[in-house]
Amino acid sequence: KLVRNLAGGCRLALGMAPSAAHAGSAETRAAELASYTRKAVEERPDLTIVGDAVYDAKAFREEHPGGAHFVSLFGGRDSTEAFMEYHRRAWPKARMSKFFVGSLDSADKPVQADEAYLKLAAKVNALLPKGSGGFAPWTYWLKAAALLGGAVALEGYMLLRGKTVLLSLLLGVMFALIGLNVQHDANHGALSRNSSVNYLLGYAQDWIGGNMVLWLQEHVVMHHLHTNDVDNDPDQKAHGALRLKPTDAWMPFHMLQQLYILPGEATYAFKLLFLDITELLGWRWEGEPISQLARDLFAPALLMKLAFWARFVGAPLYRYPELHTVACICATVMAGSFYLAFFFFISHNFDGVASVGPEGSLPRTATFVQRQVETSSNVGGKWLGVVNGGLNYQIEHHLFPRLHHSHYATIAPTVRTHIEAMGFKYNHFPTVSENLVSMMAHLGKMGQRPAAKAE
């Protein structure tokens, strides 16, 4: 009793309420006792799971150096592997304790960090220029300025002087190169330590007709964590037009899919440019809801989409209300669409590529490294990487998405050596034509009628 009275007197002398001294420890104890199922977290966009712990995503996002929107997109989700691949290191559990709100329920199996990946990441980090952090070198900004400035100048010229098919095709290629070289790195947080720079240049996706929020949902939240997953990778959902994975229903016309894939790639962007507004309004991508914690991104996304339509479609047709103008707009869309879709498609659809999940060649319990490496491929070398924003190095990109593309050619030999030492297949095609032939072989096999399942 005497000790309690002395303690109370000390608290009063210090101007503290009797309960304040124990508030922090009481909250910590309560958090340690709290337990959340995955289902409960899914219904709480203010929370996120890392390993076997649950954290306050809403509070943490305001302090996240890489930008609040990245954390917001993982509200209500498991972000264990996302943190690991974007930061190339283990989760700083002690430093993040102030955001800890409870533990994952014992009935739910936690996602574990891939220790082999962390060892590989440490080796890759040691190869990077000292002090660079893996972000863009100064020479990159010359390329980015040339692409952005050139596209704006060309589009402005055609608005003032009239469109031509040749210049419209060139604009489409420039849009594709902006997508590969600017918005892609920006939306992976790989351009700069300054998150505002990444965020602003991420809107280059909206400038070329896409949508930053939908792209982040598709690539950062879904595709990169679930590459070639038969259920969870949106890039493997062709809605019956193609048969890309063993769980897809077969149709007779799939026997010809290797013949119509290339023309189809030239038309894909029409969906992105003009139909994805329904996904934005529904706040989802391919049926997967976007976290409500990221809802503050909706209004800018909608305004950017409307502005694109006004600039790219409305203004040219207002000045030149002709079928020729429509044809030139379509030429830009199709050129950009084909360039982007072609290089992305060959990197995850080739002969011998792995698929993940039921009926796939890899189980979902396979390590993070194996799931990323065996579902991706590289093509060409350094100079194709300069042109295509390093996305011919898909293996390195999928392992280290927050590493600027200028570093991929440097780290690729080390990555390959260690991947093959792990016993995993490292798929590299010396030329684009060899990669294309392999893609056609894969589509040909997938297009054949599958054998009936034994009952």
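In which loop is the place of Glu286? In this predicted model, Glu286 is found in the loop between strand 5 (284-285) and strand 6 (288-289). Its phi is positive, at about 50°, although Glu286 is not a glycine. With a relative accessible area of 16%, Glu286 is buried, because the cut-off for burial is under 20%.

A positive phi is also found at His239, where the value is about 55° and the residue is again not a glycine. His239 lies in the loop between helix 12 (212-223) and helix 13 (257-265). The relative accessibility of His239 is 64%, so this residue counts as exposed. Most residues other than glycine have a negative phi.

Helix 21 covers residues 408-421 and has 14 residues.

The buried residues of helix 21 are Tyr408, Ile411, Ala412, Val415 and Ile419. Among the elements that cover these buried residues are helix 7 (115-127), helix 18 (368-373) and helix 20 (394-399). Just after helix 21, Gly423 adopts a positive phi of about 90°.

Technical notes
Residues numbered from 1 in each chain as written. Predicted model: local features only at pLDDT ≥ 70, side-chain atom pairs only at ≥ 80, totals over all residues. Heavy atoms only, no water. Helix = DSSP H or I, 4+ residues; strand = E, 2+ residues; numbered from the N terminus. Expected span 1.5 Å × (residues − 1). Buried < 20%, exposed > 50% of the residue type's maximum accessible area, 1.4 Å probe, protein only. Contact = heavy atoms within 4.5 Å.
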